[in-house]
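Thanks for coming. I will walk through one structure today, and you can follow along on the screen.

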Amino acid sequence: MTTGLIYDDIYLSHRIGTHVESHERLIGIMDFLNEKKVLENPNFKLIRPRKATKDQVKYVHQETLINQVKEVSEKSQITGHIQQLDMDTAVSAKTYEASLYSVGGNLNGIDEMIAGKVKNAFASVRPPGHHSNSYKCAGFCIFNNVAIAAEYLLKEKGLKRVAIIDWDCHAGNGTSDIFYNGSKNGEVVFFDSHQDGRTLYPGTGFINDIGNEGGQGKIINFPMPPRASDDVNIIFFNEIIAPICQEFKPEFFLISAGFDTHWTDRLTNMGWTYQGPANYLKKIKEIAGEYANNRILITLEGGYEIDKQAKAVYNCLQVLDDSENELIEENARKSDNDVLNYVSNKVIPKLKECLTPHWNCF
Ligand SMILES: [Zn+2]
């Protein structure tokens with residue numbers, strides 16, 4: 001079966017000037033995929049997005065926030081100037097529209113997967129979403145695409161258990177806030193790896209933030225020390241994600257994929273290579289094969305080195321397609337011993353200690 005690639009030029013119309021979260025990020029991805037003739041390969045299928053309804057956006061956002069994005073977009077249209085929702089988060093005339101299609105692209109990916117038309121999918125969309133919570137847009141994000149996708153699966157598709165894995169370098173604080181007390185429509189487990197919040201925006205996502213009420217034990221943060229390479233996420237996967245998924249048995253995997261963990265990324269201080277996300281995805285895919293009928297939807301979040309991001313996305317698509325044509329970065333970096341010791345002897349044991357009351361596997 002084929003792998004879906006969700007894209008439309010509408011995503012370029014959220015055009016916010018000389019901002020790092022630029023439309024050139026998507027141009028870079030799509031140009032590279034064309035150069036590699038990905039969409040000429042019958043194993044891939046281009047999926048066009050639809051516009052999500054306001055009711056669907058309301059699954060996770062307050063109506064006042066949705067209206068605010070609409071009004072600020074209209075103001076940008078009238079004045080001809082980019083507007084700001086906060087210091088980092090800009091809005092252009094087409095932002096509201098592009099944001100609805102960004103959500104709807106993910107929903108179309110889910111529909112195609114549930115209908116058995118594609119086995120998995122990558123949503124090459126923007127604006128991104130994982131910093132936006134129910135009442136506030138933040139960190140370049142407008143509507144929380146991945147959180148709405150999770151609620152869509154629970155509410156409209158009748159699923160009971162969804163796993164979200166966020167490998168963007170920044171903590172997915174919006175997603176965490178949205179599911180912190182659980183979902184009233186089913187169960188969501190949120191695995192969030194990110195550069196330690198003491199050293200990077202948004203400054204959240206600590207080990208002992210494990211959720212509350214219905215979400216207790218289901219918010220799982222893995223703060224990576226600066227300079228860590230992608231090898232630390234394999235430790236996180238083996239020690240935490242795999243045992244929890246064997247117990248939780250998620251029926252669907254959603255991935256908030258940021259590519260800003262790359263060692264060259266200008267906003268962060270990590271040491272990942274561009275095959276790092278693909279290596280992590282291979283592990284996720286094993287579990288998805290076991291419990292979720294292989295269903296994985298990846299949605300794009302951050303990533304600010306355009307050429308590295310394009311290669312990392314290409315590599316993820318190769319993994320989704322079960323092919324072995326990944327691009328391997330020369331001089332692959334490994335975490336140094338101090339980092340590995342800190343992760344294995346401090347972070348993982350402390351995380352297990354926090355999660356022990358909520359999971360039998362620990
Ligand atoms: Zn990020």
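Start with helix α4, which is mostly covered: 16 of its 20 residues are buried. This is a predicted model, so please hear every value as computed from it. The helix α4 runs over residues 95-114. How far apart should its ends be? At 1.5 Å a residue, the 20 residues should span 28 Å, and the end C-alpha atoms are 29 Å apart, which agrees. After α4 comes G116, and its phi is positive, near 75 degrees.

Next, helix α5, residues 145-155. This helix is mostly covered too, with 10 of its 11 residues buried. Among the buried residues of α5 are N145, V146, A147, I148 and A149. Further along, A150, E151, Y152, L153 and L154 are buried as well. An α-helix has 3.6 residues a turn, so residues three or four places apart point the same way.

Is E151 buried or exposed? Its relative accessibility is 6%, and buried means under 20%, so E151 counts as buried. As for distance, E151 and S92 are 59 residues apart along the chain, and their C-alpha atoms are separated by 27 Å.

Compare that with another glutamate, E21. This residue lies in the loop between β1 (3-6) and α1 (24-35). E21 has 0% relative accessibility and counts as buried.

Now the metal site. Which protein atoms are the donors of the zinc ion? Two are OD atoms of D168, one is ND1 of H170, and one is an OD atom of D260. They lie 2.0 to 2.8 Å from the zinc ion. In sequence, the spacing of the donor residues is D-x1-H-x89-D. The pair D168 and D260 links distant parts of the chain, 92 residues apart. D168 is in the loop between β6 (161-166) and α6 (173-179), while D260 is in the loop between β9 (252-257) and α8 (276-291).

What about the geometry of the zinc site? The angles among its 4 donor atoms run from 52 to 155 degrees, and the site is irregular. For reference, ideal angles at a metal are 109.5 degrees for four tetrahedral donors. D168 is buried, at a relative accessible area of 1%, and D260 is buried at 0% relative accessibility.

On to empty space. Rolling a probe the size of a water molecule over the atoms shows where empty space is left. How many cavities of 30 Å³ or more does the structure hold? The count is 1. The largest cavity has about 40 Å³ of space. Its lining consists of F259, T261, H262, W272, T273, Y274, P277, K308, Q309 and A312. By type, the lining residues divide into 5 nonpolar, 4 polar and 1 charged. Helix α9, residues 306-320, gives the most to this lining, with 3 residues.

Last, some backbone details. Where are the cis peptide bonds? One joins R126 and P127, with omega about 0 degrees. P127 is in the loop between β5 (120-123) and α5. Another runs from Y201 to P202, also cis, with omega near 0 degrees. P202 is found in the loop between β7 (187-195) and β8 (219-224).

Two residues other than glycine have a positive phi. The phi of F140 is about 70 degrees, and that of N294 is near 65 degrees. F140 is in the loop between β5 and α5, while N294 is in the loop between α8 and β10 (296-300). Are these two buried or exposed? F140 counts as buried, with 14% relative accessibility. N294 is partly exposed, because its relative accessible area is 39%, which falls between the cut-offs of 20% and 50%.

That is the tour. I will take questions now.

Notes
Residues numbered from 1 in each chain as written. Predicted model: local features only at pLDDT ≥ 70, side-chain atom pairs only at ≥ 80, totals over all residues. Heavy atoms only, no water. Helix = DSSP H or I, 4+ residues; strand = E, 2+ residues; numbered from the N terminus. Expected span 1.5 Å × (residues − 1). Buried < 20%, exposed > 50% of the residue type's maximum accessible area, 1.4 Å probe, protein only. Donors = N, O, S within 2.8 Å, 3.2 Å for Na, K, Ca; no water. Tetrahedral: all angles 85-135°; square planar, octahedral: opposite > 155°, others 65-115°. 1 Å grid on protein atoms, 1.4 Å probe; cavity = no way out; pocket = protein on both sides within 12 Å on 5 of 7 lines; lining within 4 Å. Points joined across faces, edges and corners; volume = space filled by probe spheres on them. Nonpolar A, V, L, I, M, F, W, Y, C, P; charged D, E, K, R; others polar.
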